Amino acid sequence: MLNFNNSKTASVKSREAGSKNIKSLIAIAAISVAGIFYSSCKEVCPPIDFKGTTSASDTVSVPYDASLSSQVRNVLLEDFTGVGCVNCPDAHSIAAGILSSHPAGNVVVVAEHDTLGLLTIPYPFGTHDFRTVEAKDIIAALGGISSKPIGAVDRKYFSGETTIPVARQKWAGYVNQDLLITPPKVQMKIERSYNDATRVLKLGVILQYAETITSNLNMSVMLTESGLVEPQLGGPNGGSTGIDTFYVHNHVLRDMMTPSLGRAVSGNHTPGHATKFLFPDYNVPASWNADSVKIVSFITNADTLNVLQVVDENLK
């Protein structure tokens, strides 16, 4: 005799089991898809560049500083270099000679190691990796370079030149030429405080104008470090095929507190007005020697990239 009740019960249990299995499969599939999506996002999603964010609270009006009206014109020399560049030590020597022939702060040198090509790849027996994406971006914005060493003086075209980056043998002449442009159109002052215990840098940069400027402006802030011992091709003076394992690198671009080409400068660009630009607190990496770090800030014409004024200060 057939027991229909038992048959119905078995059928219901079978359907319930089947339903649970389907739900489990759906859940597993959903988790798998989510996992694939998440892992893909981790690989391809670009990082958020908080250095590029600004808000109204980033700028404050400050009293006009009459003492800045006597500020002299300073010049920025960017040395595009690399640890695997045989003639780069000679360029470093030229830059050092230019610095020593002018008052402190009158010329600011930044040695920039980009992320392109073989000449900037660190040696496996070295300690540091000087390469920065910012250096790559700057070189690209200046039209690119075909060799090293090469450099830019105030990021400008000089008469007779077809490119902004120029050979090291021309640096001194162009630096002297730009130093004659006085007074500077923009006056700048770095205000900073650094806490040795927390390694936190608090930074503000004051801008005021010697004349009305109608063009768009950008402000850049770089952090450089000197006294870094790292292998360098070319020996102490360049030209040698040997590697100097105790070569001392100076003015090395370590990071930027702004996007590569700077942040837009808002506010009133007319004489008699002063604006202070504030930056988020910066945590100086523990591997840096704070005693050898400098803050470099400069103003550029956003369209031509020409540097209007540059100033620097020691971190400490």
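Guide: Let us begin with Arg73, which counts as buried because its relative accessibility is 5%; here buried stands for under 20% relative accessible area, exposed for over 50%, and partly exposed for what lies in between, with a 1.4 Å probe and protein chains only. This is a predicted model in which local features need pLDDT of at least 70 and side-chain atom pairs count only at pLDDT 80 or more, whereas totals for chains, interfaces and linings use all residues. Residues are numbered from 1 along each chain as its sequence is written, and side-chain values use heavy atoms, with hydrogens and water left out.

Visitor: With which residue does Arg73 form a salt bridge?

Guide: In general, side chains of opposite charge can pair when their charged atoms come close. The criterion used here is a side-chain nitrogen of Lys or Arg within 4 Å of a carboxyl oxygen of Asp or Glu, and in this case Arg73 meets Asp178 at 3.7 Å, N to O. The two belong to distant parts of the chain, 105 residues apart, with Arg73 in the loop between strand 1 (59-61) and strand 2 (75-80) and Asp178 in helix 4 (residues 171-179); helices (H or I, at least four residues) and strands (E, at least two) are DSSP runs, numbered from the N terminus. Asp178 is buried too, because its relative accessible area is 1%.

Visitor: Which residues are linked with Arg73 and Asp178 in a network of salt bridges?

Guide: The network takes in Asp154 and Lys156 along with Arg73 and Asp178. By the rule given above, the structure has 16 salt bridges.

Visitor: Where in the chain do Lys148 and Asp114 lie?

Guide: Lys148 and Asp114 form a salt bridge whose closest N and O atoms are 2.9 Å apart. This pair, too, links distant parts of the chain: Lys148 lies in the loop between helix 3 (133-141) and strand 4 (150-153), and Asp114, 34 residues away, lies in the loop between strand 3 (107-112) and helix 3. Both Lys148 and Asp114 are buried.

Visitor: How many disulfides does the structure hold?

Guide: A disulfide is a covalent bond between the sulfur atoms of two cysteines. The structure holds one, assigned when a pair of cysteine sulfur atoms lies within 2.5 Å; Cys85 and Cys88 form it, with their sulfur atoms 2.2 Å apart. The link of Cys85 and Cys88 is right-handed, with 90 degrees about the S-S bond, and both cysteines are buried.
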